[in-house]
Amino acid sequence: MEQRGREAWRKRTQLVVFVTNLLLVFSAASAQIRYTISEELKEGTFVGNIAKDLGIDLNIMKERGFRLISGSTEPFFKVNENDGVLYVNRKIDREEVCGESGVCLINLKAVLENPLEVNYVAVEVMDINDHSPTFPEKEKRLEISESALPGARYQLQNARDPDGGANSVQQYKLSQNDHFRLEVKDRGRDGKTPILQLQRPLDREARISHRLRLTAIDGGNPPKTGTVEIYIDVLDVNDNMPVFTKDTYSAVLQENAPVGTTVIQVNATDLDDGSNGEVVYSFGNDVKSKIRYLFDVDSVTGEILVKGQVDFEEQDSYDIDIQASDKGIIPFRTDKSVIIKIGDINDNPPEIEVASLSSAISEDSRQGTTVALISITDLDSGINGKIISYVAENSPFTLTPSIQDNMFAVVTKSQLDREQQSQYDITIIAKDAGEPALTSEKTISVVVSDVNDNSPEFSVSPYTFYITENNPPGALVFSLRASDRDEGDNALISYHILRDGGYENKVISFLNINPENGDILALKSFDFETMKAFQFHVVATDSGTPSLSSNVTVNVFILDQNDNAPVILYPLSANGSAEGVEEIPRNVNAGHLVTKVRAYDADIGYNGWLLFSLQEVTDHSLFALDRYTGQIRTLRSFTETDEAEHKLVILVKDNGNVSLSATATVIIKAVEPKEAFAASDVKSAAKDEEENNVTFYLMITLGSVSTLFLISIIVLIAMQCSKPTDYSSKYLQDTNYDGTLCHSIQYRSGDRRYMLVGPRMSIGSTIVPGSNGNTLVVPDRRRASGEVRLI
């Protein structure tokens, strides 16, 4: 019969749970949902559809890493990710979980990641009547004097029922008798205490003892009971009971008080004499073992002493029954309730718990982005439990309160820059308001992820390179390097040459750049005589999304090599050979100008500076050759013994490191003065026409070369002005040079020096194309070997 009643009660309880959960479905929009279940449910019992109640799609639950945080090592509940159902993971004993609490709540946190979302779930565990009331003893023996007056009260021990609420002990019943009645005192959370009250005086002569049965009944349906047998022995003689001097006793005790501290002293008096009037003190019959562990009472003085560690956070007050008893043969006992309130001191530091933490945060995150959720609690109360929390200084993060009590969010308060700092160790400090204040710290690490916010940067801007002409095609000529402060793909740089439709594009079409390392190859050889300098732009682009780029100007100067041999302009025969015949009178004096060998070299500087010498001559004493101008003059007058025809072979060579040369042959005939004048008239006419043509070409050449020379000087000065180096160390004027050059400007690059030179404008000298704006490579006198190395 009792089993059927239990099954019916369990079905009604499950119906209540179902109705409660059904109501919660319609209130799922609230910030916190609450379920109600009965204790002792089997593992796997349905609690509620948490996904439906929170409005979370089942696919999102898996994608966003849905999880429950309960705070216990073995959780009471789990969620089925396939259907979103919250079910019982293990059997719950309400009395074990919540003890004697009126309401038993198990708080859960439902957490979704990316982005972070926390929902709060409370499960209330309802009590079922699964325990019967029990008394500490099966039998209770009392001694009552026959002189006890009607109305005398005797406190009995409470029956204990682990169930709570309505299922706890609700009433007591006393078996039928003629002398006693039952009175029940409600002590709130300490339960109901049965008190035996004497209604009619006892007569020991009529009856020595009385037997009563006390029954405790709980509020279950059906109710459960427990009994104790009470044996009352009627005593004689002592007819006065101790009386306490105060109606109420109360005291305040600070927690953590040292053992042996006196809390309060009670005092009771007895009008009897002798041992019947001597009072001793003890704990009441119903005092719990926990109180007996924490406190002690001096049986002689009535002082209540601290015996154990008193903690405000465990219990803030104690109601202790103190019993005063005389020493009569039949002792009288009086009970008095002493209330001890526990004062809180600041003995618990704040506790910091990381509820959720993001593994990384992007450096372009907006101000106020949440990094972590922090729970900060303090077991103390009042001012000692007030918490001040903040993030340590020099951090771009701060704490903001959450909608849930004691929950805080760690958020960004300023812009992050991974290039300045890629990881932060955030120290969270919590300090209570007690005196002295207690402080706790918690450090969390946050990694800053990179975004593409830095353009590549070239190490030099602009670049200036010097290339020797006739470079081998396909060989490396120079390299450019750029760096990017970002990381990963955002710092992976590729290079390309910026090409347009101008003249420079025709030149740079023969350049090829390695996109990975910035090495530049020349696909053809450069010719100084064709082009002396050019400019182009290189673009460096990173691999970020979107990509960023920067460009740099590259100035390239071609350096001359001695790759052109001298060309003889005069003498020049009709068949193109460098041969000529000159006739002079035999009566000319010493120093007479016979003729002038004219030549030019397409190279510049020393490579284009020509020197003349006699390679072969019939008579060394008769003719001389100016090594700089190429003029042939007589050294003396002709004699009768001198031959009439002389052959001179003139060697013309440049001043390159490896000299190149050409030869010209001049036949000089000595004739009588009349023949010479006649021949001179004929040659003069032809020569006048030739001189006119040469003059015309000289004017064109002089204008072109001068223009190129001025442009080169302007470009060089502009380049040097753009650099912050000392001009005095870069450019050195050499005033001691004497040759065919009218002036020179030297400049230095690394361990090489270069000289811009112009032609010597002497009478009779020949200006040829390419002889102006020349560049000479001059040995650096600082080098011991005097070696000149070309780029």
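**Aromatic contacts and charges over rings**

One aromatic cluster is formed by Phe458, Tyr463, Phe465, Phe478, Tyr495, Phe526, Phe534 and Phe536. The model is predicted, so local features need pLDDT of at least 70 and side-chain atom pairs count only at pLDDT 80 or more, while totals for chains, interfaces and linings use all residues. Residues are numbered from 1 along each chain as its sequence is written, and side-chain values use heavy atoms, with hydrogens and water left out.

The structure contains 14 aromatic pairs (rings of Phe, Tyr and Trp, the last by its six-membered ring, with centres within 6.5 Å; planes under 30 degrees apart are stacked, over 60 edge-to-face, the rest tilted). Among them is the edge-to-face pair of Phe458 and Tyr463, at 6.3 Å centre to centre with 85° between the planes. Phe458 is buried at 14% relative accessibility, and Tyr463 is buried at 7% (buried, under 20% relative accessible area; exposed, over 50%; partly exposed, in between; 1.4 Å probe, protein chains only).

Trp609 and Tyr628 are stacked, because their ring centres lie 6.4 Å apart and their planes meet at 10°. Trp609 is in the loop between strand E44 (598-600) and strand E45 (611-617), and Tyr628 is in the loop between strand E46 (623-625) and strand E47 (631-634), so the pair ties together parts 19 residues apart in sequence (strands, E, at least two residues, are DSSP runs numbered from the N terminus). Trp609 is buried at 12% relative accessibility, whereas Tyr628 is partly exposed at 34%.

The charged end of Lys524 sits over the ring of Phe510, 4.4 Å from the ring centre (NZ of Lys or CZ of Arg within 6 Å of the ring centre and within 35 degrees of the ring normal). Arg598 lies over the face of Tyr570, 5.7 Å from the ring centre.

Note on methods: Helix = DSSP H or I, 4+ residues; strand = E, 2+ residues; numbered from the N terminus.
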